[in-house]
Amino acid sequence: MDRVQLVLLGLPILLFCSDLVTLFGPEQLPTPKPDLPHPNPDATSDADVQPNDIAADAGDSAQIAEPQVDGPASGTTVELKFCASCSYRGNAMTMKQMLESSFPGIHVVLENYPPPFPKRALTKAVPFLQVGAMATLMAGDQIFPRFGMVPPPWYYSLRANRFGTMATIWLFGNFAQSFLQSSGAFEVYCNGQLVFSKLSEQRFPSEFELRELIGNRLPDSQFGKNLEKIWS
């Protein structure tokens, strides 16, 4: 086996191993760094601090820590659950910006909508099928006789072009994983209630339609009822 064959054999195996690590490895989420107070060079020493100053500082910190809620949509949470592997993130970000500008104080959360359980189970099985197909292709002469079988004719035709067959197995496996991981969903929830489902409607909501659906479910009913008049 010359160097070219070793490179053609090693490249699919390397990419396949990287897919295994990405699929079964733990997902690393960025941890937000807490805001630490900056040292004040003009701060007085502990000996110069008076009890009245401590009480005043405690009152000021309590006022700063208290969240200032403002806007007619305060207290309303909208969840946009979309298919991340379907490249729907751009649509979700557009809808998020539109809702935040239309309803001041609203809280919009973006989440991934996972595929059904059978698809997720098949996604985990694809790498094992890839490994089994490659092992059969490389060592079929020893595997088939152990089961009392004669290697079929198609095995020899595939083995004659083993490197092209292995590349095809790797590409087909990646395509199958991408297909199984997609859910095609774009679901909109307002305070835990489903207001729009792409899985049911088979389409994306328009901006005006989504504004009307969310506006009718705001705590201030008069504000929600008058939205259509204001926008028209």
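Tyr 156 is partly exposed, with a relative accessible area of 47%; buried means under 20%, exposed over 50% and partly exposed in between, with a 1.4 Å probe and protein chains only. Tyr 155 is buried, at 1%. This is a predicted model: local features need pLDDT of at least 70, side-chain atom pairs count only at pLDDT 80 or more, and totals for chains, interfaces and linings use all residues. Residues are numbered from 1 along each chain as its sequence is written, and side-chain values use heavy atoms, with hydrogens and water left out.

**Aromatic pairs**

- The whole structure holds four aromatic pairs; rings of Phe, Tyr and Trp (its six-membered ring) pair if their centres lie within 6.5 Å, and planes under 30 degrees apart count as stacked, over 60 as edge-to-face and the rest as tilted.
- Tyr 88 and Phe 204 pair edge-to-face, with 4.9 Å centre to centre and 85 degrees between the planes.
- Tyr 88 sits in the loop between strand 1 and helix 3, and Phe 204 in the loop between helix 7 (198–201) and helix 8, so their pair ties together parts that are 116 residues apart in sequence.
- Tyr 88 is buried, with a relative accessible area of 14%, while Phe 204 is partly exposed, at 31%.
- Tyr 155 and Tyr 156 have ring centres 5.4 Å apart and planes at 70 degrees, so this pair is edge-to-face.
- Ring pairs join Tyr 88, Phe 186 and Phe 204 into a cluster.

**Charges over rings**

- Lys 81 lies over the face of Tyr 189, 4.9 Å from the ring centre; the criterion is NZ of Lys or CZ of Arg within 6 Å of the ring centre and within 35 degrees of the ring normal.
- Lys 119 places its charged end over the ring of Phe 179, 5.0 Å from the centre.

**Nonpolar cores**

- The largest nonpolar core has 22 residues, and Val 78, Leu 99, Phe 103, Ile 106, Val 188, Leu 210 and Ile 214 touch the most other members; a core is a set of buried Ala, Val, Leu, Ile, Met, Phe, Trp, Tyr and Cys residues joined through side-chain atoms within 4.5 Å.
- Strand 1 (77–82), helix 3 (89–102), strand 3, strand 4 (193–197) and helix 8 (207–215) each supply at least two residues of this core.
- Helix 3 gives the largest share, four residues.
- Apart from this core lies another, of five residues, including Leu 137, Met 166, Ile 169 and Trp 170.
- Beyond four places in sequence, Val 78 is in contact with residues including Leu 99, Ile 106, Val 188 and Ile 214; contact means heavy atoms within 4.5 Å.

**Ser 183**

- Ser 183 is in the loop between helix 6 (162–181) and strand 3 (186–190).
- Ser 183 is buried, with a relative accessible area of 16%.
- Its side chain reaches the backbone oxygen of Tyr 113 at 2.9 Å.
- Not counting residues up to four places away in sequence, Ser 183 touches Cys 83, Cys 86, Tyr 113, Pro 114, Pro 115 and Leu 199.

**Whole protein**

- The protein has ten helices and four strands; helices (H or I, at least four residues) and strands (E, at least two) are DSSP runs, numbered from the N terminus.
- Of its 232 residues, 27% count as buried.
- Among contacts with a separation of 6 or more, 69% join residues 24 or more positions apart.
- The protein exposes about 15900 Å², of which carbon and sulfur atoms supply 60%; areas come from the Shrake-Rupley method with a 1.4 Å probe, and for residues only the protein chains shown count as cover.

Methods: A polar contact is a pair of N or O atoms within 3.5 Å; within protein, one must be able to donate a hydrogen and the other to accept it, and residues adjacent in sequence count only if both atoms are side-chain atoms.
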